[in-house]
Amino acid sequence: MIAKVEPLTSARALRGPFDYRVPREMPGVGVGSMLVVPFGPRRVLGVVVDTADRSELPEERLVEPLATLGRELPAELLRLGLWVAREYCSTPARGLGLVLPPGTGRGAAPRVSARRVLVAELTAAGRAALGGGVRLGSRQRAAIAALSRGAVPAARLAREAGCDHATLRALERRGLVELRRDELRRRPSVPGVGARGRGEVSLTADQEAALAAVMARLDTSPEVGGRLLLHGVTGSGKTEVYLRAVAAVLERGRGAIVLVPEIALTPQTASRFEERFGDAVAVLHSRLSPGERYDEWWRLRRGDARVCVGPRSAVFAPVERLGLIVVDEEHDSSYKQEGDPRYDARRVAERRAEEAGAVLLAGSATPRPESWRALRRLSMPSRVDRRPLPPVELLGMAGRAGSLHPRTRAALEEVRTARGKAIVLLNRRGWSNFVSCRGCGRVWECPQCDVSLVLHRARARLACHHCGHAEPAPSACPDCGSVSVGRHGAGTERLEQELTALVDPVPVTRLDADTGGARAGAATALGSFEAAPAGVLVGTQMVAKGHDFPDVTLGVVIDADATLRFPDLRAEERTFALVAQLAGRSGRGPAGGAVLVQALDPSARSLRHAALHDAEGFLAGELARRKELGYPPFTTLVRVVCSAASRGPEAAAAAAVRAALEPQVAAGISILGPAPLFRRVGRERAQLLVKSRDRGAAIDAVRSAVETAAADRSLRGAALSVDVDPQ
Ligand SMILES: [Zn+2]
Ligand SMILES: [Zn+2]
C-alpha cells in the first residue's frame, strides 16, 4: 500500500503530499495515521492524508516510513485542517498543526503523555473486613476505612490517612486490597467570577421561541443542520438558551462545541456549563498546562466528555458526532487568529458545522453585518427580568479641557455618595499616548517601529505597544537638554488616578493588558470588583466583555469616537459594538442604571444608534454603506503583507505578487497597492489588497501568486503573509 504523507515541516515552498510504501509489518496504517518518515536527510513526523494502491514514482525511489505512532487523527479533523490551510493560503503542515493531539512533539515520542498513578481499592475480601473479624494493625485498619468509599490514589492515602506504601503492599499480599496504575486526570480550574448558582430557571417567551427554532433544526433533519443568529440584547438570557440547546444535543447522543471570546474575560459562561453538565464538559484553552490540555483533549476523543468549551482554538476539538456549535459574543475580534494560518474561528465553525450536519448558533447583542445578512435571525429584544435597557446620553467633548465631562463627574460623585458601582471604559492603555519635548519638539518614537512610545508612569517607562520595546521614561531631552517634557493624551493609567481622586474612598480597579496579562490577572481584577460592595472598574475594551454584575448602575465611555478617526472599514461596527456592549453592563439590577458616552463628535452614526440600543437600524445602514463601497460581506478581501529587514526586498516582493495577480484582473479581481505600511518590529512592510465578489477566485489567485513569489530565489530576502478577511 502507498501512503500519501504530508510532512509536518514549516517550509512554504513544499508541494506535498509525498508517497511512502507501507510495509506489511506495519499494519493499521490508514488515512489520519501519524508516521515518522525519512524526509531528505531528516526524519520528520507526517500525517497520512490519503492512500493508494500504486505510486507514480519508480519503485526504487519509494521509501518506507520508519515508525507508526499508532495514533490517528479523526477523518473529520484531518479534512478540516487541510481545508483551513487552503482557505487561508497557508501550508498543509500548519493547517494540520491545528488539529493534532496536544503535546505531539516532532518525533515518535510525544512530549506529553497521560499521568498514571498508583491507586488502591478494596477487594471483596477487603470490603468484608470492614465489618471486623479480621486481625489488622492500626495502620491497616485506617487504610481499609479510608478506602471504604471507593478507590483512592496511594499518594492521597499517605497524606490523609497516614498509610504508607508498605502497609498497602501488605494488604495487597493478604488479598484485601488491589493496587493498580490508573490514569489520573489533570483538572483545569475554571475561575468562577459571576457564577452565582442559578439552578433551573423558567424561560421567557422569547427564549422558548429561540430554543424551539434551534430544536426544530436539530430534529427535522439532523444531517442538514442550519445556521442561526441569536440576536439578544445584553441580559436577555442567551446563555440559558445555549445551555438548553446543549442539553437537547446530549439527549440525542451527540456532542457540542461552545466557543467563547476569552475564558479569563468571560469566566461565568464556562463555569455555568461546568455547573450544568459536570464532567461531560471539557475546557480547552491556551492557559492550561500541557498535561491538562492533553487530558482534556483525550477525554473528548474517547467520548468521556462530549461538550467542549473554549476560545477560538476549541473549534478544532475532537468532539464526536457533533450536533451543535455555539459561537458566543460572535462580534468579538478575538475569534480571528493573529499568526499563520490567520483563520477566523467563526468561519471555521460554519464549515465544520456544515460538514458534520450540525447546527451553528451564533449569538450577540451586536452581531456583525456578515452574520446579520447570512444567518437566520432569532430575536430576543428584552431582558429576562423585563428591566429596560439603561438610557444612554451622548456628551460632546469638542473644545473641552480635561478627560471628564461635568455630567460624568457629577454622575461619578453620585456613585461615591451612594457607595455604588460604575464601569469606565477608555480604549487606550498607559498614562499618555505620546511624549514630546517642549523645547525642540522631539517626539519619542520606537526604534523598531514607526510609532510613538506610550508612557507607563507606574513603571517609569516608555513602551511600544507593537513590539514590546521599553526604555526608561525621560527626565530631560537628549537633543536639546530641556527638562520640560510634555505628556499628551490620557490612557487608562492616568484615568485610574484621576478617578481615584474623584471617588475616594470607593476603590478603583484597573483592567487592561498591563494588569490582566498575567495568568490570573483579569480574573483577580473582576473577582475583587464583584466581591466589593462599592467600586469603579476602569479599563480598555476588556471591561465591556460578557460579565454580569447586577449592582453596576453607571457605565461611562471616554473618547468613544477615537476608533472612528482611523481609516478602517470596520471602525463603525467596532464603535457601535463597544458602546452597546458597555451600555449592556449597566443597570442589570433593581437599582436601574445610566450610561454616559463622551465623544468629540457625538453625531456619528454608530454612536447615535448605540444610544438608542438600535442594532437593527445600525446594521441596515452599515450594510447599505458596505454594499455601495463594495466592501465585505458583498466582496471578499485578501491582504498580502510583504516584509523585510531592510528597505527594498519588501517592495520587490509586493511588485512580484502584483505582477502575478495582474492576469486575474480581467476575471473580476481588483488589486489595491502595493502601499507602504509603517515599519514594525524592525521590519519594512508593504501591502497589497485583493478584492473580489468571487471568494474562491480571490483566494486561489492569491495563493498561486504567493507560491510563485515564495519560489522565486531573487525574492528570498522578503517574507510573505496572507490574511483572508483581514480585521
Ligand atoms: Zn528637546
Ligand atoms: Zn516598537
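Analyst: The structure holds zero disulfides, a disulfide being a pair of cysteine sulfur atoms within 2.5 Å. C89, for one, is in no disulfide, and the nearest cysteine sulfur, that of C642, is 13 Å away from it. This is a predicted model, in which local features need pLDDT of at least 70 and side-chain atom pairs count only at pLDDT 80 or more, while totals for chains, interfaces and linings use all residues. Residues are numbered from 1 along each chain as its sequence is written, chains are lettered from A and ligands numbered from 1 in the order in which they are written, and side-chain values use heavy atoms, with hydrogens and water left out.

User: Is C89 buried or exposed?

Analyst: C89 has 2% relative accessibility, so it counts as buried. Buried means under 20% relative accessible area, exposed over 50%, and partly exposed in between (1.4 Å probe, protein chains only).

User: Which residues are the protein donors of the zinc ion (ligand 1)?

Analyst: They are C437, C440, C477 and C480, each through its SG atom, at 2.2 to 2.4 Å from the zinc ion (ligand 1). Donors are N, O and S atoms within 2.8 Å of the metal (3.2 Å for Na, K and Ca); water is not among the atoms, so sites may look incomplete. Along the chain, the spacing of these donors is C-x2-C-x36-C-x2-C.

User: What about burial there?

Analyst: C437 is buried at 3% relative accessibility, and C477 is buried at 4%. C480, at 41%, counts as partly exposed.

User: And what is the geometry of that site?

Analyst: The site of the zinc ion (ligand 1) is tetrahedral, with angles of 101 to 113° among its four donor atoms. Four donors count as tetrahedral if all angles lie between 85 and 135 degrees.

User: Which donors does the zinc ion (ligand 2) have?

Analyst: Its protein donors are the SG atoms of C446, C449, C464 and C467, lying 2.2 to 2.4 Å from the ion. Their spacing in sequence is C-x2-C-x14-C-x2-C. The four donor atoms around the zinc ion (ligand 2) subtend angles of 104 to 114°, so the arrangement is tetrahedral. C446 is buried at 3% relative accessibility, and C449 is buried at 0%.

User: What is the ideal angle for four tetrahedral donors?

Analyst: The ideal angle at a metal is 109.5 degrees for four tetrahedral donors.

Terms used: Four donors count as tetrahedral if all angles lie between 85 and 135 degrees; four count as square planar and six as octahedral if opposite donors are over 155 degrees apart and all others between 65 and 115; anything else is irregular.
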